Each structure stands twice: as C-alpha cells, then as structure tokens.
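Colleague: Could you walk me through reading a sheet in a model like this one?
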Amino acid sequence: MLRRTTTLDYAILDVSLHHGPNYDVADALAARGITFMFCTGLSLNDIVERHRHRPILPKPYGDAEF
C-alpha cells in the first residue's frame, strides 16, 4: 500500500495481480489526485465502472506503445 508520504507524478497499474484485482491501489491513487492508467489484457467492460474512464494500455504491448 502507498505510504502517505510517497509522492508520485503518475502510476501505471496492472488490473489483475496474483492476489486479485488491484482496485484498492487505484482507489487510493484517485483519492490522492494522482493520475494513473491501467495496463491490462481485460476489456473496458471488465474494469469496474468507477475506473472505466481511466486510460488503458492494452496487453500485449511493446516499447512503441508504452
């Protein structure tokens, strides 16, 4: 989890991690006003509604897309 003293300019999150969806981190970033995007193989409809407006980097991706 993010420490309250951590300063971030931008974050890239994978939606699905080994332990499950990563929405708790996304919610924390949003609450702090930190811009972020998801990298995922999921479709837009698979992302929870409250985060569907976030930019998505679709997997698989290469250096050019990143």
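Predicted model: local features only at pLDDT ≥ 70, side-chain atom pairs only at ≥ 80, totals over all residues.

Colleague: In what order do the strands of the open sheet run?

Modeller: In general, strands of a sheet pair through backbone hydrogen bonds, parallel or antiparallel. Here three strands line up as E1-E4-E5, with parallel pairing. Strands (E, at least two residues) and helices (H or I, at least four) are DSSP runs numbered from the N terminus, and two strands pair if DSSP finds at least two bridges between them. E1 (11-14) and E5 (56-58) are the edges: each has a single partner strand, so one side of each lacks a neighbour in the sheet.

Colleague: How many bridges hold E1 and E4 together?

Modeller: Four, between E1 and E4 (residues 36-40). Ile12 has Met37 as its bridge partner, and Leu13 stands opposite Phe38. On the E5 side, three bridges join E4 to E5, with Thr40 partnered by Pro58.

Colleague: Is E4 buried or exposed?

Modeller: Buried means under 20% relative accessible area, exposed over 50%, partly exposed in between (1.4 Å probe, protein chains only). Five of the five residues of E4 are buried, so E4 is largely enclosed by the rest of the structure. Phe36, Phe38 and Thr40 are on one side, Met37 and Cys39 on the other.

Methods. Residues numbered from 1 in each chain as written. Heavy atoms only, no water.
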